[in-house]
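These are my notebook entries on a pair of protein chains.

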Number of protein chains: 2
Amino acid sequence: MSGVLGIIAGGGELPIAIAESARAAGRDVFIFALQGMAAEQDVKSFRHAWGSLGEVGKGMKSLRDAGVSEVTLAGKVMRPEWGAIKLDARGAMALPKVVAAAAKGDDALLRVMVELFEKEGFRVVGTIDAAPDLIMPKGILGRHAPTKQQEVDIAVGVNAARALGSLDIGQAAVVCEGLVLALEAAEGTDAMIARIANLPSAVRGSAAKRRGVLVKAPKPAQERRVDLPVIGAHTIERCAEVGLAGVAIEAGAALLLHRKKTIEAADRLGLFLLGFHAGAYAA
Amino acid sequence: MSGVLGIIAGGGELPIAIAESARAAGRDVFIFALQGMAAEQDVKSFRHAWGSLGEVGKGMKSLRDAGVSEVTLAGKVMRPEWGAIKLDARGAMALPKVVAAAAKGDDALLRVMVELFEKEGFRVVGTIDAAPDLIMPKGILGRHAPTKQQEVDIAVGVNAARALGSLDIGQAAVVCEGLVLALEAAEGTDAMIARIANLPSAVRGSAAKRRGVLVKAPKPAQERRVDLPVIGAHTIERCAEVGLAGVAIEAGAALLLHRKKTIEAADRLGLFLLGFHAGAYAA
């Protein structure tokens with residue numbers, strides 16, 4: 001881990017959390033921000049350049065000019081309208097492969113992106129290497145712990161999330177007293193959590209009586225350098241809004257953003273926050 | 001198949017479609033309508049009684065008084081607030097078992113209900129026996145056929161729906177050009193379809209350019225007498241509203257309500273309607 005860290009940044013908080021983590025560790029950072037995904041206000045405090053998913057050549061040049069030899073891919077990448085994105089020569093050549101991969105799922109798309117950068121001599125590292133302080137630790141964080149029923153729900157959720165992951169569909173599930181309330185597909189975790197509020201009150205909890213858990217587990221696929229499950233303070237807040245009792249993510253293979261703020265939110269709102277051990281729920 | 005057909009009716013169109021089918025075949029019908037699930041306007045044209053999930057004794061008595069020896073369970077049964085439902089003596093005795101089963105999923109709940117009725121000497125039959133004309137046939141119904149890409153999406157959807165089914169979570173998935181847009185859990189198929197409209201337009205279709213398919217496949221569980229996947233004209237309409245290109249359900253193990261009206265809706269709105277062969281997508 002040396003030199004300038006390059007970050008190919010999609011949407012959400014993760015790319016900036018990585019950038020902040022690297023900067024705090026004394027490392028220089030350069031962000032290639034993906035248009036329509038990354039946010040100007042987030043990237044503006046770092047050296048950066050903008051481009052589309054189709055401007056691979058431009059991205060590589062700006063990273064190289066910035067002295068980057070090690071890059072990481074992070075953040076939500078929504079599949080673009082392929083006919084509408086800006087392309088440079090390198091992007092146009094890579095496009096057929098990228099489109100084909102995207103049709104197979106996010107995992108395949110990310111693997112192709114990793115391959116493209118590696119072919120050009122970049123070292124591609126995962127979030128865990130680029131920002132090791134974001135790794136979810138094992139055990140209970142904060143003041144609240146799951147009940148026996150909630151531990152059973154976590155087991156159900158881990159099975160469900162892993163089933164989705166093995167099909168490269170999603171990584172998250174919400175379970176309340178044995179019933180799977182929601183599964184994540186293309187909508188993302190926040191949208192999945194929000195719709196719990198639309199379910200009949202009999203099957204879910206409330207702020208007064210919290211019930212049910214959010215579980216996120218990584219895909220069993222090889223490419224764990226990209227696309228690990230992520231939670232942060234806003235995840236806790238969304239879960240609190242729909243009456244959930246807590247959040248469980250896999251220790252060592254999921255990311256916790258803004259640790260202090262997230263634990264404070266869990267404590268304040270009465271939710272547990274658990275890093276479970278992968279082996280505890282072996283298939 | 002003889003005598004009066006008893007129908008334990010939850011929500012949705014299925015119980016009434018079964019009642020209408022039996023009546024059209026010259027058979028007498030009696031409905032035990034579950035409070036808060038079945039609708040008064042639907043059941044009023046048939047002999048019926050009302051009761052809660054906890055009034056098993058009352059339900060059995062009213063069915064027996066009506067001359068019923070053969071019953072079928074049909075329609076959506078939402079898990080009630082156990083503390084709030086009305087109980088009779090029989091219901092109170094069965095309750096611990098029912099609550100425990102419900103915590104394991106809809107399948108387990110339905111199996112316990114079937115067991116309760118069988119113990120009392122009722123013959124429990126599936127929709128396929130009670131109303132064989134509702135069974136989805138094999139092949140394309142109506143004027144529209146899936147494209148090659150849509151056939152691939154159906155295969156992806158069948159895999160996803162079966163994975164959910166094997167975990168007793170749901171039976172339906174929406175897939176567009178390789179990407180799984182939505183998976184069904186406790187919210188039901190209609191709510192799952194509706195949220196496609198919230199996804200970025202790049203990953204989904206529109207009324208002008210239909211893309212993506214709804215797939216429903218039965219659970220691999222043994223108890224196929226209850227809870228088969230169902231579609232009807234309203235399913236086609238919901239799919240049309242969110243820009244989907246068609247609907248595929250498993251031939252022989254899924255139900256098509258109001259066949260003529262449903263095919264007319266598909267033809268008019270430009271969607272395909274396919275009954276796929278179970279073996280075509282062997283795991």
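Entry 1. I looked up A:Ala9 and found that this residue stands opposite A:Ala74, which belongs to E4(A). I note that the model is predicted.

Entry 2. I then examined the two strands concerned. Strand E1 of chain A, residues 4-9, pairs with strand E4 of chain A, residues 68-74, in the parallel sense over six bridges. I recall that strands of a sheet pair through backbone hydrogen bonds, either parallel or antiparallel.

Entry 3. I traced the whole sheet of chain A. I recorded an open sheet of five strands in the order E3-E2-E1-E4-E5, with parallel pairing. Its edge strands are E3 (47-51) and E5 (123-124) of chain A, each of which pairs on one side only.

Entry 4. I asked which helices pack on this sheet. Helix H1 of chain A (residues 14-24) touches E1, E2 (29-34) and E4 of chain A, and its direction makes about 170 degrees with that of E1(A). Helix H3 of chain A (residues 56-65) touches E1, E2, E3 and E4 of chain A, and its direction makes about 165 degrees with that of E2(A).

Entry 5. I turned to the interface. I found 30 residues of chain B in contact with 30 residues of chain A. The two chains bury about 2,200 Å² between them, with 70% of it on carbon and sulfur atoms. I counted zero salt bridges between chain B and chain A, and four residue pairs in polar contact.

Entry 6. I asked which element supplies the largest share of the side of chain B that touches chain A. The answer is E8(B), with five residues. By class, this side of chain B has 20 nonpolar, three polar and seven charged residues.

Notes: Residues are numbered from 1 along each chain as its sequence is written. Chains are lettered from A and ligands numbered from 1 in the order in which they are written. This is a predicted model: local features need pLDDT of at least 70, side-chain atom pairs count only at pLDDT 80 or more; totals for chains, interfaces and linings use all residues. Side-chain values use heavy atoms; hydrogens and water are left out. Contact means heavy atoms within 4.5 Å. Buried area is the accessible area (1.4 Å probe) that two parts lose on being put together, summed over both. A salt bridge is a side-chain nitrogen of Lys or Arg within 4 Å of a carboxyl oxygen of Asp or Glu. A polar contact is a pair of N or O atoms within 3.5 Å; within protein, one must be able to donate a hydrogen and the other to accept it, and residues adjacent in sequence count only if both atoms are side-chain atoms. Helices (H or I, at least four residues) and strands (E, at least two) are DSSP runs, numbered from the N terminus. Ala, Val, Leu, Ile, Met, Phe, Trp, Tyr, Cys and Pro count as nonpolar, Asp, Glu, Lys and Arg as charged, and the others, Gly among them, as polar. Two strands pair if DSSP finds at least two bridges between them. Axes are lines fitted to C-alpha atoms, for helices over the stretch in contact, and angles run from 0 to 180 degrees between N-to-C directions.
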